[in-house]
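Let's take a walk through a protein structure together. Have a look at the picture first, and then we'll go through it piece by piece.

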There are 2 protein chains.
Amino acid sequence: MTSLRHIGRSERPARDLYLDAARECLLDVGWRRTTLTEVARRSGVSRMTIYRAWPDMPTLLGDLMTREWGELVAATLAAEPTDDDPARALAHALVAVTRALRDNEVFVRLLELDPDLLLPYLLARRGRSQQAIIDLLAAQVTAGQATGGIRAGDPTAIARSVVLAAHGFVLSAQTMVGDGVEPDDLDAELALLVERGLRP
Amino acid sequence: MTSLRHIGRSERPARDLYLDAARECLLDVGWRRTTLTEVARRSGVSRMTIYRAWPDMPTLLGDLMTREWGELVAATLAAEPTDDDPARALAHALVAVTRALRDNEVFVRLLELDPDLLLPYLLARRGRSQQAIIDLLAAQVTAGQATGGIRAGDPTAIARSVVLAAHGFVLSAQTMVGDGVEPDDLDAELALLVERGLRP
């Protein structure tokens with residue numbers, strides 16, 4: 001849990017403790033088998049307490065994913081070295097987040113047991129975390145354009161496109177390894193595509 | 001059905017007629033509600049005849065998709081203008097196939113009614129058509145490297161990476177349109193990423 005690790009359980013807001021319990025359930029049995037009753041039991045509170053925070057399980061999962069990916073992105077970007085070249089910096093940050101997502105235990109467990117829960121975010125709408133990443137990238141593109149390090153173009157279209165380009169590397173990289181091709185080779189290709197694609 | 005349109009129904013191999021019937025079922029009611037009995041009824045043959053060709057519905061769907069995407073790729077590439085620049089030619093062919101898939105009625109219907117049927121191809125293994133596309137692209141990369149029009153690198157890793165980069169544009173482009181961003185803008189970004197990514 002990265003930056004939250006040093007905070008003792010009792011010091012965390014109640015809402016985070018409930019999300020921690022929901023997260024444990026997801027990792028233990030998968031989301032489809034997780035019940036509000038079990039989240040309440042693990043949190044040591046009543047069903048009604050959980051129910052007042054999240055009227056249904058999809059809302060709870062949405063908040064759990066938003067917290068998880070938000071922390072993941074923040075921790076990943078904080079660990080990236082500073083880089084004066086905005087195209088290279090953006091490409092490397094995108095690949096680092098792609099890798100971190102692929103290795104994230106909540107993400108892995110969802111893909112393993114409940115992959116259909118991710119379909120709405122692929123087919124119907126951007127999730128909150130996806131949108132946050134796009135906003136962050138668009139701001140980096142705008143800043144890079146101002147200093148001449150990134151080519152002209154609508155920053156929103158560019159940011160959404162590089163996120164779309166990364167989708168396959170997050171979800172399907174493992175279907176493309178083998179015959180001498182390692183995940184790192186694929187990631188290096190993604191970094192190169194994006195870095196070159198952003199150059200003036 | 002592109003190149004097959006001019007062939008009268010009676011001249012087509014029986015196997016193709018059964019696949020035509022299965023395709024009609026998929027478009028009418030979706031795959032989950034399609035039965036072997038209905039495919040046989042529409043084909044005007046016995047259940048046993050269909051069953052001998054495809055022992056189960058997943059095998060039938062696999063063959064139907066392989067035929068559909070195979071025809072789509074062949075027709076799309078045949079319609080592409082010749083281009084002496086191998087990096088640009090490959091990028092434009094990739095985007096053309098991406099667009100054609102996104103507009104294909106079988107693909108659209110699957111995403112609409114049975115998107116979970118596509119999950120194995122995202123999470124577990126390459127489909128036959130994906131592999132055929134990768135083989136085609138890898139051969140183009142190799143040829144382009146020989147003439148100096150495409151940069152060095154393992155052609156298989158490069159081909160798999162550009163297919164991974166296109167995944168999001170096939171599946172999720174519609175989640176990224178809006179606020180002045182059109183599908184064409186996203187496709188132009190993909191073409192640019194891939195073309196620049198392939199240059200020496």
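The accessible surface of chain A comes to about 9100 Å², and carbon and sulfur atoms account for 56% of that. Keep in mind that what you're looking at is a predicted model.

What is chain A built from? It has 10 helices and zero strands, so if you read along the sequence you get the pattern α-α-α-α-α-α-α-α-α-α. Picture the C-alpha atoms of chain A sitting in a box of roughly 60 × 40 × 35 Å, taken along the principal axes. Of the 200 residues in chain A, 51% are buried. Now take the contacts in chain A with a separation of 6 or more: 66% of them come from residues 24 or more positions apart.

Next up is the place where the chains meet. The size of an interface is often given as the accessible area lost when the parts come together.

| What is counted between chain B and chain A | Value |
|---|---|
| Residues of chain B in contact with chain A | 45 residues |
| Residues of chain A in contact with chain B | 45 residues |
| Buried area | about 3700 Å² |
| Share of the buried area from carbon and sulfur atoms | 64% |
| Salt bridges | six salt bridges |
| Residue pairs in polar contact (both at pLDDT 80 or more) | 19 residue pairs |

Which parts of chain B touch chain A? Helix H7 (119-123), helix H8 (128-147), helix H9 (155-171) and helix H10 (183-198) of chain B each supply at least two residues to that side. H9(B) gives the most, with 12 residues. Sort that side of chain B by class and you find 25 nonpolar, 10 polar and 10 charged residues.

Let's finish with one residue of chain B. Glu195(B) is found in helix H10 of chain B. Is Glu195(B) buried or exposed? Its relative accessible area is 17%, and the cut-off for buried is under 20%, so Glu195(B) counts as buried. Who is it in contact with, leaving aside its neighbours within four places in sequence? Glu195(B) is in contact with Ala87(B), Arg88(B), Ala91(B) and His92(B).

Key
Residues are numbered from 1 along each chain as its sequence is written. Chains are lettered from A and ligands numbered from 1 in the order in which they are written. This is a predicted model: local features need pLDDT of at least 70, side-chain atom pairs count only at pLDDT 80 or more; totals for chains, interfaces and linings use all residues. Side-chain values use heavy atoms; hydrogens and water are left out. Contact means heavy atoms within 4.5 Å. Buried area is the accessible area (1.4 Å probe) that two parts lose on being put together, summed over both. A salt bridge is a side-chain nitrogen of Lys or Arg within 4 Å of a carboxyl oxygen of Asp or Glu. A polar contact is a pair of N or O atoms within 3.5 Å; within protein, one must be able to donate a hydrogen and the other to accept it, and residues adjacent in sequence count only if both atoms are side-chain atoms. Helices (H or I, at least four residues) and strands (E, at least two) are DSSP runs, numbered from the N terminus. Ala, Val, Leu, Ile, Met, Phe, Trp, Tyr, Cys and Pro count as nonpolar, Asp, Glu, Lys and Arg as charged, and the others, Gly among them, as polar. Buried means under 20% relative accessible area, exposed over 50%, partly exposed in between (1.4 Å probe, protein chains only). Accessible areas come from the Shrake-Rupley method with a 1.4 Å probe; for residues, only the protein chains shown count as cover.
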